[in-house]
Amino acid sequence: MRVTTAFNRLLRLVGVNVTDVVFGVDTVVVTVRLRRTKLVCPLCDYSTHTRYDTRPVPSRWRHLDLGSWRLVVKADLRRLSCPEHGQRVEGVPFARHRARFTGDFESLVAWLATKMDKAAIQRLVRVDWDTVGRIIERVVVDELDPRRLDDLFEIGVDEISWKKHHNYLTLVANHRTGKIVWGHEGKNAKTFDRFFDELGEARSAQITAVSMDMGPAFAKSVRKKGHAPQAVICYDPFHVVKLATDALENVRRAHWRQLWDLNDKTAARKFKGARWALLKNPEDLTDTQDATLTRIRRSGGKLWRAYQRKEELRAIFAGDLNNQEVADMLDRWCARVQRSRLEPFVKAGRTIRQHRGGILAAIRLGINNGRIEGLNNQVRLIIRRAYGFHSPQAALALVMLTCGPIELNLPHEQT
Ligand SMILES: [Zn+2]
């Protein structure tokens, strides 16, 4: 078998013939020619036999590595004139428009991005992190299920910071499937307005419930005419419990500052490690954190009381109480924190009382909190990886790739 024929099979590139193979020091360069004679617009279905000019456009794409060698595919492309998109270099069946990588290479990188940390990917595939960002943006545009915005009934909206210095993404989840179906940069009512604009009035009218945090921004958008004023606004347990976790964090910080001001440096330093011991669920604690928690319990005081209130609230939403019991326990909890002399908890109690109806609505509608919490944790885990990205679009693409309705296949799994 001739080398070019062997490479034709090896590369699995659609619609090309290999005409030449050159082995370099660490790179194999494979020259190919498109089999089709028609020129196809890279942006639409338009095809023609007419070339715009006779000048060839030398083009190259990185393909899957061959062992430790980089593999580069080269081809001379032609220009065409599309009635809609104007003068363009013809599209190729094996790579996306404007990509310097083949589709197979991009599939591999996208798959790795959902599984591996930044340093490992960069080292394995030898591309920088911004390039990974651009690759996954292209893959998401192509692979995201276009019907993901149809048949939305119960949805959840939330904001997440994807970078330091207040860079936020607003994400919308479909509660029935547990997938993120929409996202955009920003975190105010206007950001959520864009979601309804994209959804349109007919699909918005189908929405029966929207879960969110207790801030006013998202609710304001839902209430607008043409959006989903018919939907029940509910506050999911995840966000309710978060109020108590934040309050506990405030009590902890105040306590730490007090130690510091008293010039008890050793105690203050020792105490710094208490953060996770207090915030994590007790069943997830490491041995050290468990010991820290025991110490806090023994010394009692404000901090231990704050911790107990947080755990009590969490227990109310653990899922083993009926609706009436949840309502009763929640009222009792609010009354208790009102007398607690823990200022952050007094405030949390007040907020919960103000939003009582929406909180109980989430329970009544059976908005699955385990699923919300799971999705939230998954998004928070993946978003840390997006910190190094250049753009919110790349960060969003990573979220959609991992938590969206996308089926990622490795090159050898594709048909
Ligand atoms: Zn076109």
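Helix H1 (residues 3-11) lies across E1, E2 and E5, and runs at about 110° to E1. Here axes are lines fitted to C-alpha atoms, for helices over the stretch in contact, with angles from 0 to 180 degrees between N-to-C directions. Contact asks that C-beta atoms, placed from the backbone, lie within 7 Å. Helices (H or I, at least four residues) and strands (E, at least two) are DSSP runs, numbered from the N terminus.

A word on the model: it is predicted, so local features need pLDDT of at least 70 and side-chain atom pairs count only at pLDDT 80 or more, while totals for chains, interfaces and linings use all residues. Residues are numbered from 1 along each chain as its sequence is written.

Now to the sheet. It is open, with 4 strands in the order E1-E2-E6-E5 and mixed pairing. Its edges are strand E1 (16-23) and strand E5 (57-66), each pairing on one side only. From one strand to the next, the twist averages 25°. Pairing requires at least two bridges found by DSSP; E1 and strand E2 (residues 27-34) have 7 and run antiparallel. Among the residues involved, Asp20 has Thr31 in E2 as its bridge partner.

Stepping back, the chain has 16 helices and 13 strands. Some overall values follow.

| Property of the chain | Value |
|---|---|
| Radius of gyration (over C-alpha atoms) | 28 Å |

Finally, among contacts between residues at least 6 apart in sequence, 59% join residues at least 24 apart.

Definitions and conventions: Contact = placed C-beta atoms within 7 Å. Rg over C-alpha atoms; globule rule 2.2 N^0.38 Å.
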